[in-house]
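Visitor: I would like to learn how to read this model, feature by feature. Please keep it brisk.

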Amino acid sequence: MAAHLTHWGVFEAESDGQRLTAVRPWRGDPEPTALIENVASAQHHPTRIDQPYVRQGWLEHGPGAAGRGDEPFVPVSWETVVELVSGELNRVYGEYGAEAVYGGSYGWSSAGRFHHAQSQVHRFLNCLGGYVRSVHSYSLGTSQVLLPHVIGSMGLFEGHATAKSVLVEHTELVVAFGGLSPKNSAVSPGGVSRHNTRTWIAAARARGCRFVSISPLRDDIPAEAAAEWIALRPSSDAALMLALAQVLDADGLADKDFLDRFTVGYERFIGYVRGETDGVVKDPAWAERITGLSAGRIRSLAREMAAARTMINVSWSLQRAEHGVQPLWLGVVLAAMLGQIGLPGGGFGHSYGSCAHVGEPARGQSVPRFPQGGNGVSTFIPVARIADMLLNPGEPFDFNGMRLVYPDIKLVYWCGGNPFHHHQDLARLHTAFTRPQTVVVHDAFWTATARHADVVLPATMSIERDDFGSGQNDREFFPMKALTRPHGRSRDDYAIFAELAEHIGVGKEFTEGRTVEEWLRHLYQQWRAGLDDPAVPEFDEFWDSESFTVAVPDPEQVLFADFRADPERFPLTTPSGKIEIFSETIDGFGYADTPGHPVWLEPEEWLGAATRFPLQLVANQPRTKLHSQLDVGAHSQSVKIGGREPVRLHPDDAAARGLRDGDIVRIFNDRGSCLAGLVVDDAVRPQVAQLSTGAWYDPDPADPTFCRHGNPNVLTADRPASTLSQSCAGQLALVEIEPYDGELPDVAVVRPPATVERVS
């Protein structure tokens, strides 16, 4: 059997050349995931795109023709589609310039490093003069903007978080705001060779480490943690953190020596906590009214944190919400008050339980990847503002201290990713996608994004092409030989762009005269030469092996250890070189929703608000797929109820609405509605409904606000988490749930869209 890497693990497979005949977990993975079952079952699903297609209205009436997202598609030949796309690119670049082209990609389409869709499309568009780009991510956008101001480079968290082995050995208490989700920690950019979340948590627990999970979901942490579950109101974490800080201050438990030497701005912050600036003391009694957690437990938790070697972890979920800056910043502040930052097993963690690579020691050298070249356009948007950009060309907006302007996009070129999974208020995005003159999409499946395109180019899956890959911080580097032939007439992105580039006249710039095999060999040899390590095999030896283990210089790394040992020699990359509890820079931006130190700000949508929507929707990541990838796969489909995504509800909330396990329900608010299958579960906090993202958006043709399949992003608001970050706030929304008594509509998205033959 041959091994193959995915973002959620490695599997071994047998193939008859056309399809995978047997798939099993890689023998080197101690905790394999069932997500690998989606790969073989989805490969030849009816929703695979078998050849190029063009939307009927665009083909017959030209760019800008109405009907995108609603019209049938016309199958065309590769020769025809190359003529059409190259002609349209020449027209748009010639008439409007590169700033009229948005190069969309989210980078998760393949674990391979050469056939990395984002690199492929960006290199291609750079050969044409450039493109408007996006910055940061839906998952981590607030952190990527805030943390450089507060603790410096995000690289500290991408590669230098304290190693899990150190936590096992030294940590006495883990306080996990947002939990330590086993499903999220099963995936990682570029792939995962060895899953170990349950293993390290079980080992830490066996040594005596305690875990406290602060989340609306009891199973947001592995059972091995035997965690205390604190189910406070969603969106109230910042209030709890402020009260913990108040106890540490009032009881004399804050480490003043650490704060004086390693931080700036503490006195400004603690004055707010004491009520000196607004007359409100942020004590446990104050926080009890907001969080629903007893003042006594808040007080005792603060004291337990001060008495132990404590790791404070803040998950990505908390910053994916309105005012998400506040709990993230407060996590840093609490860790600073405890004075354990830079000590083995203590301090601040961001992302344990959010991605598999966090807590894996940094590799000595990153693996090779396809170069993107230089972008001739400086214009960009925060990634979560795509609908605003398309709907409001020429409008100014604020971002991270800058005043920017949305460009006027005429052509969207999307390769890798599905914005109709990541984005919020999908009816609004549906409208936004009608605004460009042309939308071109590469995809392997008929996702909602492909269905909203004018030109659809069929892309291969990773099992259908040669590549190599290694996950972020992962020690294993895998050759990824093609396991089967491509489905239908699909092609890999490199082949598509190479032909387009040749047709446009930039073929040499894009390919440099190399085939895929030649690129793989060239990139590997270039990488190997830079390492100057004789233990690294030659390409042919690597290509015929199962994998190569990359060296790790510091297996027992501790975040901020150098900074703590010598802050003058190893300052942070913040303006002060220290941890900024108060940021003069942020304060100078003058944003009302992001003052110069963390505060409590009441969200617009939360359980403390007076509203006719009494349930807090938690739209978290799914456990049976990565994002929306392979939603038609067998493992993903196995949890659906009546073909709809499952929604979990506490027994009391279900009973109050006359609902039973297995019912099809309607979830709704003023933005939209969707159908879902009900799971009654006391692992969900009362007044909370948990509906994961990932169901392919399947709107009613007459009503884009209604998803028949269960996509929660018809319900979430397309508002930024903060003015500072302009990032995604899609984790939470207020909703109501009721029985669905009408005739159940079909789930159409699991079938290909309508097609018609071209009329000459």
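Visitor: Where does G64 lie?

Guide: G64 is in the loop between α2 (56–61) and β5. Helices (H or I, at least four residues) and strands (E, at least two) are DSSP runs, numbered from the N terminus. The model is predicted: local features need pLDDT of at least 70, side-chain atom pairs count only at pLDDT 80 or more, and totals for chains, interfaces and linings use all residues. Residues are numbered from 1 along each chain as its sequence is written, and side-chain values use heavy atoms, with hydrogens and water left out.

Visitor: How is G64 classed by accessibility, and why?

Guide: Buried means under 20% relative accessible area, exposed over 50%, partly exposed in between (1.4 Å probe, protein chains only). G64 has 47% relative accessibility, so it counts as partly exposed.

Visitor: Which residues is G64 in contact with, leaving aside its neighbours within four places in sequence?

Guide: Contact means heavy atoms within 4.5 Å. On that basis, and with neighbours within four places in sequence left aside, G64 is in contact with W58 and Q437. The C-alpha atoms of G64 and V439 are separated by 9.6 Å, although these residues are 375 residues apart along the chain.

Visitor: What is the strand order in the open sheet of six strands?

Guide: Start with pairing: two strands pair if DSSP finds at least two bridges between them. Here the order is β5-β4-β19-β18-β17-β6, with mixed pairing. β5 (73–75) and β6 (101–104) stand at the edges; each has a single partner strand, so one side of each lacks a neighbour in the sheet. On average, neighbouring strands of this sheet are turned by 15° against each other, direction ignored.

Visitor: In which sense do β6 and β17 pair?

Guide: β6 and β17 (residues 411–415) pair in the parallel sense, over four bridges. Y102 stands opposite V412 in β17.

Visitor: At what angle do helices α11 and α15 pack?

Guide: Angles under 35 degrees count as roughly parallel, over 145 as roughly antiparallel, 65 to 115 as roughly perpendicular and the rest as oblique. Helix α11 (residues 266–273) and helix α15 (residues 325–338) pack at about 105°, with axes 13 Å apart. That makes α11 roughly perpendicular to α15. Y266, F269 and I270 of α11 make the contact with L330, V333 and M337 of α15.

Visitor: How do the residues of that contact divide by type?

Guide: Ala, Val, Leu, Ile, Met, Phe, Trp, Tyr, Cys and Pro count as nonpolar, Asp, Glu, Lys and Arg as charged, and the others, Gly among them, as polar. The contact of α11 with α15 has six nonpolar, no polar and no charged residues.

Visitor: How does α9 pack with α11?

Guide: Helix α9 (residues 237–250) and α11 have their axes 10 Å apart and an angle of about 105°. They are therefore roughly perpendicular to each other. L242, A245, Q246 and D249 of α9 meet Y266, F269, I270, Y272 and V273 of α11. This contact divides into seven nonpolar, one polar and one charged.

Visitor: How many residues of α5 are buried?

Guide: Eight of the 10 residues of α5 (residues 141–150) are buried. Among them are V145, L146 and L147. Just after α5, G152 takes a positive phi of about 100°.

Visitor: Which way do the residues of β28 point?

Guide: In a regular strand the side chains alternate between the two faces of the sheet. In β28 (residues 688–691), V688 and Q690 point one way and A689 and L691 the other way; all are buried. β24 (residues 615–618) pairs with β28 in the parallel sense over three bridges, and L617 stands opposite A689. β25 (residues 646–649) and β28 run antiparallel, joined by three bridges. The bridge partner of V647 in β28 is L691.

Key: Axes are lines fitted to C-alpha atoms, for helices over the stretch in contact, and angles run from 0 to 180 degrees between N-to-C directions.
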